Amino acid sequence: MAYRIEVGFKVKDARALTFIKRVSSFGFKIEDARLFDVYTIDKELPEKELKVTAEMLANPVYEDFKINKANDIKGFDWAIEIGYLPGVTDNIASTLKEEIEDLLNEKFAGGEGIYTSRLYFIKGKLKREQVENIALTSYNPLIQRAEIKDSKQYIKEKGMEIIIPKVRLSSDIKADEVDLEVSDEELMAIGKSGVQNADGTRRGPLALDLVSMKVIREYFNKKWRKPTDLELESIAQTWSEHCKHTIFAASFDEIKKGLYKEYIQKSTNEIRKRKGKDDFCVSVFTDNSGAIIFDNEYLVTDKVETHNSPSALDPFGGAITGIVGVNRDAIGFGMGAKPIVNRYGYCFADPRDERPLYKTADKSQKMLIPRKIMEGVIQGVNVGGNCSGIPTPQGFAYFDERYRGKPLVFVGTIGLIPRKVNGKNSCDKCANAGDYIVVIGGRVGADGIHGATFSSEALSSGSPATAVQIGDPITQKKLSDAVVKEARDMGLYNSITDNGAGGISCSVAEMAKESGGFDLDLDKVPLKYPGLTPWEIWVSESQERMTLSVPKQKWPKFKDLMDRRGVEATIIGTFTGDGQAIVRFKGQEVMNVDMEFLHEGLPKKFITSKYTKEKYEEPKNPCPINLTSVLEKMLKRLNIASFEFISNQYDHEVQGGSVIKPLQGKGRVNGYASVVKPRLDSKRGIVVSQGLYPSYSDIDTYHMAASSIDTAIRNAVSVGGNPKKMALLDNFCWCSSNEEERLGQLKAAVKACYDYSLGYEIPFISGKDSMFNDFKGFNEKGQEVKISVPPTLLVSSLGVIDDISYTIDCAVKEPGDLVYLVGETKEELGGSEYFKELGFVGNLVPQVDFKKAKKIYENFYQAVQKRLIASAISVVSGGLGVALAKTAIAGGFGIEADLSKIKTGVKRDDWLLFSESQSRILATVSPKNKEKFEKEMAGVPFYLIGKVRNDDQFVIKGLKGKEIINSKINNLEKAYKETLKNY
Amino acid sequence: MKPKAIHIVGYGINCEEETAFAFEKAGAESKFVHINDLIEKKNLLDEAQILVFPGGFSYGDDTGSGKALANKIRNRLSEEILKFVEKDKLVVGICNGFQVLVSLGLLPATNKNYGKKEVGLLYNTNARFECRWIRLKMNSKKCIFTQGIDEIDIPIAHGEGNFYASKEILKKINQNDQVVFKYIKENGQLANGEFPYNPNGSLEDIAGICDETGRILGMMPHPERAIFTSNHPDYQFMKEKLIREGKKIPEIYEPALKVFQNAVSYFKVKV
C-alpha cells in the first residue's frame with residue numbers, strides 16, 4: 001500500500017507567485033496558481049505514524065496536509081504534477097525517509113521507498129498543448145515526468161494517480177566476454193558506440209580509437225582470453241581523454257614530449273627553480289588540486305573543473321554535480337583539505353535566443369534553449385554551493401552564440417589544509433598494500449554511467465541520458481565534515497581520493513598506483529537498487545563518494561566514527577602490491593589486468609596540426625558623434641552588464657571571511673577579483689580571479705591565451721594581490737580536437753601559457769581540459785548543424801595576501817581624487833566588445849608585453865602597500881570607457897576625464913575609449929599622494945587623465961579637447977544593470 | 001570561569017566555526033557537539049551555559065527549512081532541551097538555527113508554552129536564496145543578547161526567512177517585548193516591507209525574536225559573519241577615510257560582537 005501526502009500553504013505562497021511570473025515571462029498568461037508538495041510513501045505505515053509523518057511535514061501555522069485525498073481544485077482549470085523518473089536522485093525523499101526511520105526507529109526494507117513530486121493547480125483559459133508547454137518551463141523530460149489533467153478529469157478521477165517511480169532492472173547480471181577478433185569496422189564501432197547488447201543496441205561510448213582497440217586486443221590475446229565487458233570499460237575509463245589528457249600527452253608535431261610536458265609543466269619547473277627558496281609551490285599537477293603555501297601552518301589548494309556535457313542535457317544536475325564534485329577535489333587533496341571558496345564561470349548563449357536545436361533530424365529530441373540552460377546552471381551552483389556552506393564569491397558569465405549547443409560550466413574550489421597532519425606532510429599520502437579499500441558517502445546507481453568517456457565525445461543523438469546525475473550536497477557535507485574535521489586528524493586512513501569521472505574504476509586504480517595493485521569485490525559496493533550489472537557498478541559516477549585506504553587495525557574506529565556521523569562506510573576490497581588489478585563479482589574474477597598495462601598501456605598518440613590565420617574585415621564607419629549613447633550601449637552588452645542576480649543568490653559571506661566581495665561599492669558593481677580571509681584568527685587573505693577572451697581566439701589563440709593570463713594576474717593585482725605570491729590554473733575548453741586547424745590553435749595557446757607564465761614568473765599549478773565541445777544536430781529547419789564553441793581558455797589566478805587591510809576595491813572614494821590610467825593604450829580592438837557591437841571581428845587583437853606588464857604590476861603592488869591607491873579597476877572587456885563608468889557607478893561620484901592626456905598612437909576617440917589593450921589599470925589617488933604615487937610608478941607608463949567629481953556628472957573630453965561623453969551616473973548605472981535584471 | 005557554549009553540529013549545519021570563534025572572541029569557551037553524540041550522551045548539555053544552533057542547511061532544507069532537524073530533536077531530545085530552557089541558561093539560533101527553534105516551538109513560546117509551533121519562516125517573497133547586507137534596529141528591552149545595540153549592519157543569507165505569524169501571535173509578541181530586531185532602511189526608518197531593506201517579506205520587518213524570558217534568541221541575520229570591520233561592505237570606504245585622517249583601522253565591528261559579549265557577561269555578572 002502506498003500513501004500520498006499533499007502539503008500546501010494556507011497563506012500566500014511566494015513560490016506560486018514567482019511561478020506565475022516565470023510562466024508569464026515565457027509568454028503564457030495564467031491568472032492564478034497553487035503549489036503542493038507531494039510525498040508518495042511506498043511502505044506500510046500504521047495510521048498514527050502516517051499522521052505524525054504528515055504533521056512533521058506541515059507546520060500548522062501556515063501549511064496543511066491531505067492524506068490519500070484529492071485537493072479541492074475549485075477555481076482552477078488545470079492540474080500539473082511533476083515528479084522524477086525512476087532512479088533520479090531525490091534528495092527530499094531521502095531526508096523524509098531518514099525522518100520516518102528516526103520516528104519508527106526502524107530502517108526501510110529493500111523495495112520500500114519514498115518519492116516526491118510537485119502538484120500545480122493553474123487557473124487560466126488554456127489549451128492542453130499550452131499547459132504542456134507551461135509544464136516544460138518547469139521540468140526537464142530527461143529526468144522528470146509531468147502528468148496533466150484538466151479540472152473535470154481531476155475531479156472525476158479523484159485527483160492524481162499514485163505513481164511509484166521505482167527502478168526495475170531485469171538485465172542479466174553478469175560480466176560478458178567481448179569478442180575483439182572482429183573486423184576493423186566493428187572494432188571501431190565498439191570503440192565509438194560501445195559494446196553491443198544482445199538486442200543489438202550499444203552501451204554507449206568507450207571513446208577508444210582503432211589503435212587503442214587493437215592494443216587491447218593484442219594484450220588479451222597474450223593472456224589467451226577475451227576481455228570481459230568490465231575490463232574493456234575499465235580500460236576505456238582509465239585511458240579516456242578526460243582522465244589521461246591524451247591530447248596534451250600526445251606527441252605533437254615537433255614536440256615529442258607533448259604540450260603538457262614541454263610547455264605547462266616545464267614552465268612551472270623552471271619558475272620553481274628560479275624562485276629557489278622563495279618557491280611557494282607545494283603540490284603541482286599530481287594531486288586532485290594544486291597547492292601553494294598560505295602561511296607557516298597552512299596550504300591553500302585550488303582546482304577548477306568543467307561540467308559542460310552534463311550541463312547541456314540537465315543544466316541543474318550538471319552544474320550541482322559540477323560544483324559539489326570539484327569540492328571533492330579539495331577534500332581529496334593530500335589527506336583532505338577543507339573547502340573554503342568556490343569559483344564559477346559560465347559561457348552561455350544569449351538567454352533571449354529562442355531558436356530551437358534538435359538532436360535528430362525528425363526534431364524528436366529538442367535541446368534546451370539558452371535561457372533554460374542558464375537558469376538551470378545558475379540554480380545548480382546556488383544549491384550546491386549554498387547547501388555546502390562554502391562561500392561562492394568569484395565568478396563570471398560570458399555570452400557568445402556559439403555556446404548555444406553546449407554551454408561551458410567552470411566550477412572551482414579552493415581548500416585549506418594544515419601543512420602537517422599528525423606530524424607528516426599533509427600532501428603526502430600512500431595507500432599501503434594490505435589496507436582496506438573503503439568507499440564512503442552515497443550509494444551507486446545507474447546515474448552517471450559513461451561520464452568520462454561521454455565528455456570525450458561530441459554531443460549527439462547517442463549521448464546517454466544516464467550520463468546525468470543530480471548532486472546531494474548534504475550527503476557530501478556529512479562526509480566532508482567527518483573526514484576533514486575529524487578522521488583526518490585522528491590519523492584513521494593512509495590515502496584518500498575523490499570519485500569523479502569513471503567512479504571507483506578510476507579512483508581505486510589511481511590509488512592502487514601507490515600500493516601497486518588491488519583486489520576488489522563488487523558485491524560489497526552499496527547499491528541504490530538491485531539489478532546493476534558488474535560493469536555498471538564499476539564505472540558508475542554516482543555522486544558524493546570518496547575512496548580511502550584504511551589500515552586494517554584502524555577500521556573499527558573509522559567505521560564507528562562514520563556511523564555516528566551518518567556516513568555510510570564500506571570495505572570493498574584490499575590494496576595489494578602484486579601489480580595486478582583484480583575485480584570479483586559473485587565469486588568470479590571479472591577483471592584481471594596488469595596495473596602496468598592499465599596505466600601505461602595506452603598507445604602514444606601522434607598529432608599533427610596546422611594553423612592558418614584568418615583575415616577579417618575592419619569596420620569602416622567613422623567615429624560616432626554621440627559617444628554617450630555608445631557607452632550606454634556598451635554597458636548593456638551581455639559581457640559587460642551587471643550579473644548581480646547571480647552574486648546575490650550565492651552565499652559569499654558564510655565562513656565569515658569575506659573582504660573584497662563580488663559586488664563592490666555603493667553602486668554594487670561586479671568586481672573582477674575577490675579577497676577572502678580564510679583563517680578567522682589571521683590577517684592573511686587569498687585573492688582569486690580569472691581571465692577569459694574567447695572572441696580573441698577568432699583572430700589568434702596565442703594572443704588570446706596571453707591576454708587571459710595577463711588579465712587573471714592584473715585583476716588580482718588591482719585589488720591588492722602580490723604578483724610574487726600568485727599561481728595560475730588552466731582550463732582549456734576546445735572544440736573538434738580531431739581537426740588539424742583546431743589543434744594548431746591549441747598548440748599556439750599552450751605555447752603562450754609557457755611564454756607568459758615564465759615571463760611573469762607566475763606558475764601554473766593545476767589544469768584540466770575538455771576537448772570536444774561541439775554540438776552535432778539539427779536546426780529548426782531540420783538542417784544538419786555543427787556548433788563548436790570558440791576555443792576557450794579560462795585562466796584562474798590564486799594569490800596570497802599578507803594583510804587584508806592592504807586591499808582596495810573598484811569604487812572611487814572621494815571627490816577631488818585624481819584619476820590615473822596606468823599602462824599603454826594601442827589600437828587593439830580585434831575581437832573586442834566594441835567591434836562586436838559594430839558587428840565586426842577585426843584583426844588587431846591585443847598583444848601583451850610581459851616585461852612591461854610585470855613592472856607595472858610590481859610597482860602597482862608597492863603603491864598599494866604604501867596605501868597610495870584609493871580605488872582601482874582592471875581595464876578589461878569594454879576598455880577604458882567601461883572601466884571609467886564602472887568605477888564611478890561603484891563609488892557613487894561622477895568623473896571628469898580628458899583622453900588627450902593619454903600618450904597614444906590611437907587616433908579615434910571611440911578606439912581610445914574601447915580598445916582592449918591589456919596590462920592597464922585605472923586607479924584613483926588622493927591628491928595628497930600625487931607625488932608619492934607618481935614616484936612609485938616611475939618607469940611605467942601612467943597618465944593623469946582626470947578627477948573624481950563632487951556630483952553625479954560623468955564627462956569625458958576627447959583627443960581634440962571636445963566633450964565626447966556627458967552623462968550621469970544614474971543613467972550609466974541604469975544601462976549597466978538593465979540587461980540581466982529580470983533573471 | 002568562562003561560560004561554555006555548546007554548538008550543535010552535523011547534518012548540514014555549516015556556520016559552527018565562525019559562530020564558535022565569535023563566542024570565543026567574546027570570552028566564552030566553545031565546544032562542538034554532533035547531534036548524534038548529544039543523543040547518545042544527553043548529559044553533555046549539563047556542562048553548558050549557552051546552547052547554540054548555528055546556521056547552515058540542516059538536511060538541505062528538504063521538506064522545509066529547519067523541520068527535519070527539529071523533528072529529530074523532538075523525537076530524541078525534547079525532554080533535555082526543555083530542561084535546559086527552564087534553567088537560567090541561554091539559547092541562540094541563527095538563520096537555520098532560528099528556523100529549527102521555530103519548528104521546535106521554542107520561539108516565540110508565548111505564555112511559556114515551549115514546544116508549540118506558533119510562527120513560521122516562509123519562502124522569501126522572491127522565492128530565491130538571497131545573500132546581502134541589511135540594516136537592523138534593535139527593538140527589545142528584554143533580550144539578553146542584544147542590550148546596548150541600537151542599529152547594526154549585518155548579512156543575511158537564506159531562502160526561507162520570511163517571518164509569518166497570525167495577528168494574535170504578532171500582537172502577543174509585540175506586547176511581550178519579544179520582537180528583537182527589525183529591518184530598517186539606511187536612514188533608520190522601518191523598511192516597511194520594502195525590498196531589499198526587508199530582504200524576504202517578513203511581517204512587520206521582523207528579523208529576530210526572543211522568548212518571554214529574553215533568554216532564547218532566534219534571528220535570520222548572521223552576527224558571526226560581521227564581527228570584523230573587514231567583513232563590512234563599507235570597509236573600503238571607511239578604511240580610506242581613516243587612512244586620510246591618519247587614524248587606526250579598527251579590527252572589530254563592535255555591534256556584531258556585542259551579541260556574543262552580552263551572552264558571556266550574562267554569566268560573568270552572575271558569578
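Among contacts in chain A between residues at least 6 apart in sequence, what percentage join residues at least 24 apart? In this predicted model, the share is 82%.

**Chain A as a whole**

Chain A contains 30 helices and 40 strands. Its radius of gyration is 29 Å, close to the 30 Å that the globule rule gives for 983 residues, so chain A is as compact as a globular protein of that length. Further values for the chain are gathered in the table.

| Property of chain A | Value |
|---|---|
| Span of the C-alpha trace along its principal axes | about 80 × 75 × 60 Å |
| Residues that count as buried | 66% of 983 residues |
| Accessible surface | about 34,400 Å² |
| Part of the accessible surface on carbon and sulfur atoms | 49% |

As for charge, chain A carries 137 positive and 134 negative side chains, and the centres of these two sets lie 4 Å apart.

**One buried position in chain A**

S766(A) belongs to strand 30, which covers residues 764-770 of chain A. With a relative accessible area of 6%, S766(A) is buried, because buried means under 20%. When its neighbours within four places in sequence are left aside, S766(A) is in contact with F285(A), G290(A), D302(A), K303(A), L728(A), L729(A) and D730(A). I801(A), by comparison, is 35 residues from S766(A) in sequence, and the two are 20 Å apart in space, C-alpha to C-alpha.

The size of an interface is often given as the accessible area lost when the parts come together. Chain B and chain A bury about 5,700 Å² between them, and 54% of this is on carbon and sulfur atoms. Of the area that chain B buries against chain A, Q236(B), F237(B) and R244(B) supply 13%, more than any other three residues. Counted by residues, 58 of chain B are in contact with 79 of chain A.

Helix 6 of chain B, residues 235-244, has seven of its 10 residues buried, so this helix is largely enclosed by the rest of the structure. The buried residues of the helix are Y235(B), Q236(B), F237(B), K239(B), E240(B), L242(B) and R244(B), and what covers them includes two elements of chain A, namely strand 24 (658-660) and helix 27 (879-891). Following helix 6 of chain B comes G246(B), which has a positive phi, near 70 degrees.

Technical notes: Residues numbered from 1 in each chain as written. Chains lettered and ligands numbered in written order. Heavy atoms only, no water. Helix = DSSP H or I, 4+ residues; strand = E, 2+ residues; numbered from the N terminus. Rg over C-alpha atoms; globule rule 2.2 N^0.38 Å. Buried < 20%, exposed > 50% of the residue type's maximum accessible area, 1.4 Å probe, protein only. Contact = heavy atoms within 4.5 Å. Areas by Shrake-Rupley, 256 points an atom, 1.4 Å probe, with all protein chains shown as cover. Lys, Arg positive; Asp, Glu negative; His and termini not counted. Charge placed at Lys NZ, Arg CZ, Asp CG, Glu CD. Buried area = accessible area lost by both parts, 1.4 Å probe.
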